[in-house]
Amino acid sequence: MIEIDGHSLSIDEIQRAASEYEEVVLSQTAVDNIQQSREWVQKIIQRGKPVYGINTGFGIFADKKISPQETQQLNRNLILSHAVGTGETLPVEVVRAAMLIRANTLAKGLSGVRLDLITSLLDMLNKGVHPLIPSQGSLGSSGDLAPLSHLGLVLSTDQNDLEEHSGWASYQGETYSGKGAMAKADIPRIILEEKEGLALNNGATFSAAIGSLVCAETRNLLAISEIALCLSLESLLGISSAFDPRIHESRQHPGQIRFASRVLAITQGSTLLDATDRVQDAYSLRCSPQVQGPAYDTLDFVENIIRREINAATDNPLIFPEGEAISGGNFHGEPVGLAMDFVAIALAEVAGISERRIYRLTDGRLNEDLPAMLVDTHQDAGLNSGMMMPQYTAASLVLENRSLASPDSIHSLPTSASQEDHNANAMTAARHALDVVRNTRHILAIELYTAARALDLRLRDHPDLHPGKGTAAAHRIIRELVPYQPGDTLWGPEIEQVKKLVESGQLLSGVDQALNIDPGPGG
C-alpha cells in the first residue's frame, strides 16, 4: 500500500501504482492539511474580495468578477472548455501515474480543495477507472490544461449531468462514457466548488507522470546497455584494459566509473577478453564508459527534478495560512521540459553507440573473422542474409531518436492573448522522451540478440574459450527463450521475445543473480 502526504512520493511508488496497481491511500497528516486548506478558502470567500481562481475568470479574463451563485458553473465551464486534446490516447500507465501525482499535489494542502475531490480521484485509481486522455494539445503551461481537463470531465459533473459531457473512461477492460464508468465503479462524481476546477487542471502533471515512467525505464535500460555491451565486447574478443578503474577514477565522473566497474563485474572470469594481440578497440567498445556512463549522471540529475515536481504544489493561486492567496507560476512546466530533453539526448546516445556495435558485429571486415552478417558459416553468405536487416532497423530507430531528441523546451508560442507569452512545451518533450525510451529498448534488444548469435559463433570456433560469469548468464537466458537458428528465419518475433526479457526485468535479475547481487526493492 502506498500512503501519500504531498511530500514524499517516490518514482518507484509511481511505477508500482501505475503498472502493478498498488493501492493508494491518504495519510492522516494529508487529510488534516487538506481540511485546513479548505477552511482558508472559506475565509477568502467570506471576505468577498476578488481572488484569482476563486471568484474571477481565468487567464485573460482574470479581471472578471464571478458571483457566488455562478461558482459551480464557472468551475465546470473551465473543465468543459479546456478539454480539447487530440491525438491517440495516452497509455493507461501514464494516466494512472498522473492521477496519483495530481492527488499527491492536492494532498499537500496548498490548493484549497475539499477532501471529497481527492478521495474520489483515489477511488478512481484504486478501482481502475481510467479516463481516456488524448496525448496531444498541452503546452505544459499553465500546466497540462487539456489532459487534466479530460480527466476532470470524468471526475466532475454539474446539475445537468449530461452523459455526453462526461468524457470517456475504461473500466474492467471495457470503454464507457465517464458517467457510465463511474457508475459501474460506484464512485460519485463531484460538483466542483470554489478553486477546485483550477486546482484540478492547473499543473504539469501529465508531463511529470510521463517523466516518472521515463526515469524508471531509463534506469532499467542503462543497466541493460551494460549487459549488451558485455555480450558484444566478448564476442568481438575485446580488450579489458579500457575498463581499468584507474582510467575512470582519473576522470572522476561517477557514471563513467560505475559503468566500467559493472562491465568488469559482468565479464569477470572471461577468457574471450584479451585473446588477441590488439592494443585498442574501436570507440564503440573502448569508449562505452565515457558515452554510456554519463547517461547515469544525467539520469541522477533528472530524477531529482522529477522527484521535486511530483511532490510540488503546482496550481495557481496557492492558499496559505489564514486565507492568503498568492498568485505565481508553479504550473509552468519548464523544469520538466528541460529534464525530459536532457534525458532524451542521453538515451539517444546510448542507443546510437549500441547501433554502432551491432554494425561492427555484422561487418565481416570488423568482427574479428566471424562470418559477414553473422550467417552460420562463411559458405552460407549470399544464400542467407543473417543479421543484415536487424541492423537496418536499429539504424532507422537511431535516426528517429536523433529527431526526437532535438530539444522541445526551447520552442515557445504565446497563448491567451499573450497573457501566457512563454510556454514550456513540456508535454511534447516528455512524449518524445518516452518515444526515445521505446526505440532504445528495441535497439538494445537487437544488440542483445545479435551479440548472442555472435557469441554462439565465436564459442563454436573457439571451444577452449569461455565468457565471463555475467555474460554467460545473459547468453543462457536469451538462448533458453530463443534457441540458435543456423539459417535465415523470421528474426523479428525472436527479437520481440528478447525485448520482453528486457521489459520484464528477467534478463537483468538473472545476470544479477549470477553475480550474487541483490537487486533490492523494485530491482
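Guide: Buried means under 20% relative accessible area, exposed over 50%, and partly exposed in between, with a 1.4 Å probe and protein chains only. The model is predicted, so local features need pLDDT of at least 70 and side-chain atom pairs count only at pLDDT 80 or more, while totals for chains, interfaces and linings use all residues. Residues are numbered from 1 along each chain as its sequence is written, and side-chain values use heavy atoms, with hydrogens and water left out.

Visitor: Is Asp274 buried, partly exposed or exposed?
Guide: Asp274 sits in the loop between helix H11 (254-266) and helix H12 (283-286); helices (H or I, at least four residues) and strands (E, at least two) are DSSP runs, numbered from the N terminus. Its phi is positive, about 60°, although Asp274 is not a glycine. The relative accessibility of Asp274 is 42%, so the residue counts as partly exposed.

Visitor: What is the relative accessible area of Asp186?
Guide: Asp186 belongs to the loop between helix H7 (178-184) and strand S9 (190-191). Phi is near 60° here, a positive value in a residue other than glycine. Asp186 is classed as exposed because its relative accessible area is 64%.

Visitor: Which residue is joined to Ser141 by a cis peptide bond?
Guide: The residue in question is placed in the loop between strand S5 (134-136) and H6. For the bond that joins it to Ser141, omega is about 0°. The partner of Ser141 in this cis bond is Ser142.

Visitor: How are H5 and H6 oriented to each other?
Guide: Helix H5 (residues 115-127) packs with helix H6 (residues 145-155) at an angle of about 95°, and their axes are 11 Å apart. Axes are lines fitted to C-alpha atoms, for helices over the stretch in contact, and angles run from 0 to 180 degrees between N-to-C directions. That makes the pair roughly perpendicular, a term for angles of 65 to 115 degrees.

Visitor: Which residues of H6 make the contact with H5?
Guide: Contact means heavy atoms within 4.5 Å. From H5 come Leu117, Ser120, Leu121 and Met124. Facing them in H6 are Leu151, Val154 and Leu155.

Visitor: Which strands stand at the edges of the sheet?
Guide: The sheet is open and has 3 strands in the order S4-S7-S8, with antiparallel pairing; two strands pair if DSSP finds at least two bridges between them. Its twist averages 35° from one strand to the next. Each edge strand has a single partner, so one side of each is left without a neighbour in the sheet; these are S4 (129-131) and S8 (174-177).

Visitor: What is the bridge partner of Tyr171 in S8?
Guide: Strand S7 (residues 168-171) runs antiparallel to S8, and 4 bridges join the two. In S8, Tyr171 is bridged to Glu174.

Visitor: What angle does the direction of H6 make with that of S4?
Guide: H6 packs on the sheet and touches S4 and S7. Its direction and that of S4 make an angle of about 135°.

Visitor: How far apart are the axes of H9 and H17?
Guide: Helix H9 (residues 205-235) meets helix H17 (residues 469-481) at an angle of about 100°, so the two are roughly perpendicular. Ile227, Cys230, Leu231 and Glu234 in H9 meet Thr471, Ala474, His475 and Ile478 in H17. The axes are separated by 9 Å.

Visitor: Is Glu447 buried or exposed?
Guide: Glu447 is part of helix H16 (residues 426-461). Apart from neighbours within four places in sequence, it is in contact with Ala228, Leu229, Ser232, Ser354, Arg357, Ile358 and Ala452. Because its relative accessibility is 0%, Glu447 is buried.

Visitor: How far is Ala98 from Ile310 in space, C-alpha to C-alpha?
Guide: Ala98 is in helix H4 (residues 92-107) and is buried, with a relative accessible area of 0%. Leaving aside neighbours within four places in sequence, Ala98 is in contact with Thr205, Phe206 and Ala209. Ala98 and Ile310 are 212 residues apart in sequence, while the C-alpha to C-alpha distance is 9.4 Å.

Definitions and conventions:
Parallel < 35°, antiparallel > 145°, perpendicular 65-115°, else oblique.
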